[in-house]
Amino acid sequence: MQKLLALLGAKSKEEFLALLAQFIKFGLVGVSNTAVSMAVYYIFLWIDPGLYMVGSILGTILSIANAFFWNDKFVFTGNAKRLGKTYVSYGGTSILSNVLLWIEVTFFGVSKTIAPIVNLLVTIPLNFIINKLWTFKEI
């Protein structure tokens, strides 16, 4: 854990508190990302339950744009040129989330309503680490 904290830039108590504040901001942005993604997903689920993967993918695309805007302005403050990296980082974890969604629904009978929420337990911490260490890495 010490090595991960040091890698994330928290070598002192003050740096840890700054990292914690940054993670909390990231979480707040994540709430808005989740709202965008879930709204699109549940609208498609309402239209036709068979379109759950279409809703998930479209919700992901729109929530990544939302994530980039707010992370760039509010969390990591950086450089608008990082949009491509944002789509790669969130896109990778979104692919993971969609694969998990399909497996959970198809093989384990998990509710289409609940499965995307469970997947957040994996994707939120993973997205923070990828965004901190790569997408918005301070040069």
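Because the model is predicted, local features need pLDDT of at least 70 and side-chain atom pairs count only at pLDDT 80 or more, while totals for chains, interfaces and linings use all residues. Residues are numbered from 1 along each chain as its sequence is written, and side-chain values use heavy atoms, with hydrogens and water left out.

I begin with the cores. A nonpolar core is a set of buried Ala, Val, Leu, Ile, Met, Phe, Trp, Tyr and Cys residues joined through side-chain atoms within 4.5 Å; buried means under 20% relative accessible area, with a 1.4 Å probe and protein chains only. The largest such core has eleven residues: Leu19, Phe26, Val29, Ile64, Ala67, Phe68, Val75, Phe76, Tyr90, Phe128 and Phe136. Two or more of these residues come from each of helix 2 (13-47) and helix 3 (52-75), helices being DSSP runs of H or I, at least four residues, numbered from the N terminus. Helix 3 supplies the largest share, four residues. Apart from this core lies another, of six residues, including Tyr41, Leu45, Tyr52 and Ala115.

I turn now to the helix pair. Two packed helices are described by the angle between their axes and the distance between the axes. Here helix 2 and helix 5 (residues 115-135) pack at about 135 degrees, with axes 10 Å apart; axes are lines fitted to C-alpha atoms over the stretch in contact, and angles run from 0 to 180 degrees between N-to-C directions.

Which residues of helix 2 meet helix 5? They are Leu19, Gln22, Phe23, Phe26, Thr34, Met38, Tyr41 and Tyr42, where contact means heavy atoms within 4.5 Å. Among their partners in helix 5 are Pro116, Leu120, Ile124 and Phe128. Phe128 itself touches Leu19, Gln22, Phe23, Phe26 and Phe76, residues up to four places away in sequence not being counted.

Serine 56, in helix 3, is buried because its relative accessible area is 10%. Leaving aside neighbours within four places in sequence, serine 56 is in contact with Tyr41, Asn98 and Leu101.

Serine 89 lies in helix 4 (residues 83-108). Is serine 89 buried or exposed? Serine 89 counts as buried, at 3% relative accessibility. Beyond four places in sequence, serine 89 touches Asn127, Ile130, Asn131, Trp134 and Thr135. The C-alpha atoms of serine 89 and leucine 126 are 9.3 Å apart, across 37 residues of chain.

How values were computed
Buried means under 20% relative accessible area, exposed over 50%, partly exposed in between (1.4 Å probe, protein chains only).
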